[in-house]
Amino acid sequence: MNIDIVVLSIATLVGLYMAANIGANDLANAMGTSVGSRALTLKQAVLVSIIANVLGAVLAGGHVTSTISKGIIDPSLLADNPNMLMLGMFAALISASLWVHLATYFGLPVSTTHAIVGAVVGFGIISVGGGAVSWGKIITIAASWVISPAVGALIAGTIFFLVEKRIMAARDPYAAAVHYAPALLFVVFLVLILSFIFKGLKNLHLEIGFFQTVLLATPCAALAGLFGRRWVRWQVHLKSELRPNPQGYSPVECFFAQLQILTACYVAFAHGANDVANAIGPLAAIFSVVKTKAVALQVEVPFWMLFVGGIAVGGGLFAFGTRVMETIGKNITEITPLRGFCAEFGAATTILICSRLGLPVSTTHVLVGSVVGVGLMRGMGTLDLRILKNIGFSWIVTLPFTIVLAMVLYKLFTLFLL
Amino acid sequence: MRLLLNSLFYRSPFENLQKHADKVKECAHLFKEAAVCHIGQECKKFDLLTEQVARLESEADGIKRNIRNHLPRGILMPVDKFQFFEYLREQDKVLDEVEDALFWLSFRPKGIPDEVATDFHHLVEAVIPPIEKLSDLVSLATGYFRSRSEAQRTKMKSLIRDIRQYEREADLLERELKFKIFGTIKDALVVYHLIQLVGIVGDIADHAQNASDRMRAMIAK
């Protein structure tokens, strides 16, 4: 059998495995808070995340992706040896998948992007030498370990503090919610629309300037704000009709549940747009090498590959995340709709601001920081700060682990296959 | 497989605090039944009720240990952990005093002398409401620390005021009863027994009030 076909088939399987791991690790985190707060039922969460994720991957996913993930190594150095690139990407994909799977098994939220970057660095070091690796990229990753959680905690904590002080702790939370609804909805929609355009649709290269985007987003957000009061009244009225809700949340909390669902949908969409490429990018590179027998700087990602990648991420959530989220939905009362909303909206805002400022951030790292930020504002029932040590450790270990594993795997592949 | 962020969350100790408060409430009812039965007569059910109280006290002790042992450093709570433990200690002392009061009742199987029986009955009745209210207070606190609703906080403050009022009434009854004991009972041994017993029963309400004061500190802004 042709070696290319073997590599291609196995690479496709590994690509899907990586995508499923992304679903189980990243997406389960993003949707888990919504299930935990009962803003969504388990089935709704899985369905919503699969739809949003596939839409994100297909509509806004990278149709053209850099051959070597995130430009970590110079592809021209590999131009003479396309097979080297193919096996390297293969090794990188397996290393990153194994690490993400391991981290998921131990309950550690790690960045899938960092895993794939580390794996590609490992392959780069062993194939073309350390000099070819863009070490600046590694420094930005290291910076993300500190910047992401710190900024996430600050922004989510501030949002929680303000919402709690102005709305939940008011004499009449309902009246306060009605009063602040237009401003709140305006900000939420503004952030989500801006994030949607900047982050979600960035791969479409729409060439819309910053001010044009703001001009476009402001009236849409203002429109949402105009309906804010009516929306709150309608929501609260609806919920108070259904006599005491089983979770015992106040009707005003239910209004935040709606906002949380909105944020969760955005996160799932953004995952589809940005993170599916982590699994599909290397796969597309392998595909391209097999097809053209040459190393291209950029490759076309076929539509079907993005679609299947999106489905695989959703499938990963369904296969590995369902039982987990079900347990959360039943047992954990720590995440209320308000806390979940503040953590997720804080994360979305942080990612938007940091990416505009050019600061390197990871969605997973920011989300962890946001949850802790809400907790530090005494927002969470209890928060186990001891776990942070393990999480931080897993973030730092991501790079060395994937680098070494990719090097070992690449060496083994070249020994047996080349 | 676990949900990754889930590991960051720790089981809220308020669930167990509620269970503890419910045990205390249950004990209070049994104590009342035992004490009323014991007044002025030989009570056949007394030993059985005392045993039940002892069993509940041991269960509540287990819950208390569970709460204390599972709140290590590094767990962040919406309230000051020191205040929380102080609250738990006071709530637990209510139980200890209830058990102690039953022991003191049992030391004199003849019951309470007729001269002070009615007043003692009133005192026992007076210390039950503050204990009952503690359970409601914990239930409200669980909701409050989740929602931070000002309405819930107002309810808690009102409940704490009620407990303080009940304690004041119990204190008054305790003092009057002590006067009466010294005025009417001539047997020094009986006086000693009654003064000790009445003091312990009065302490039940005191600890309930101390607990509620701790809760007030926890919800202070």
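Helices here are DSSP runs of H or I with at least four residues, numbered from the N terminus. The model is predicted. Chain A has 13 helices and 3 strands. Chain B has 6 helices and 1 strand.

**Chains overall**
- In chain A, 60% of the 418 residues are buried.
- In chain B, 44% of the 221 residues are buried.
- Of the chain A contacts with a separation of 6 or more, 87% link residues 24 or more positions apart.
- For chain B, 83% of contacts between residues at least 6 apart in sequence join residues at least 24 apart.
- The elements of chain B run α-α-β-α-α-α-α along the sequence.
- Along the principal axes, the C-alpha atoms of chain B fill a box of roughly 70 × 35 × 25 Å.

**Loop residue A:Ala39**
- A:Ala39 sits in the loop between helix 1 (3-36) and helix 2 (42-60) of chain A.
- A:Ala39 has 29 other C-beta atoms within 10 Å, so this residue counts as buried; the cut-off is 20 or more.
- Leaving out residues up to four places away in sequence, A:Ala39 touches A:Ser34, A:Ala257, A:Gln260, A:Ile261, A:Pro337 and A:Gly340.
- A:Ala264 lies 225 residues from A:Ala39 along the chain, yet their C-alpha atoms are separated by 10 Å.

**Helix 7 of chain A**
- Helix 7 covers residues 210-226 of chain A, 17 residues in total.
- From first C-alpha to last, helix 7 of chain A reaches 24 Å, close to the 24 Å expected at 1.5 Å a residue.
- Its buried residues include A:Ala217, A:Ala221, A:Ala224 and A:Gly225.
- An α-helix has 3.6 residues a turn, so residues three or four places apart point the same way.

**Helix 4 against helix 13, chain A**
- Helix 4 (residues 112-128) and helix 13 (residues 386-417) of chain A have axes that come within 7 Å and cross at roughly 45°.
- The two helices are therefore oblique to each other.
- Helix 4 of chain A makes a right-handed crossing with helix 13 of chain A.
- On the helix 4 side, the contact residues include A:Gly118, A:Ala119, A:Gly122 and A:Ile126.
- On the helix 13 side, they include A:Leu399, A:Thr402, A:Ile403, A:Ala406 and A:Tyr410.
- By class, this contact between helix 4 and helix 13 of chain A has 13 nonpolar, 6 polar and 1 charged residues.

Methods. Residues numbered from 1 in each chain as written. Chains lettered and ligands numbered in written order. Predicted model: local features only at pLDDT ≥ 70, side-chain atom pairs only at ≥ 80, totals over all residues. Axes fitted to C-alpha atoms, helices over the stretch in contact; angles between N-to-C directions. Parallel < 35°, antiparallel > 145°, perpendicular 65-115°, else oblique. Left-handed = near helix turned anticlockwise from the far one by under 90°. Contact = placed C-beta atoms within 7 Å. Nonpolar A, V, L, I, M, F, W, Y, C, P; charged D, E, K, R; others polar. Expected span 1.5 Å × (residues − 1). Buried ≥ 20, exposed ≤ 12 C-beta atoms within 10 Å, placed from the backbone.
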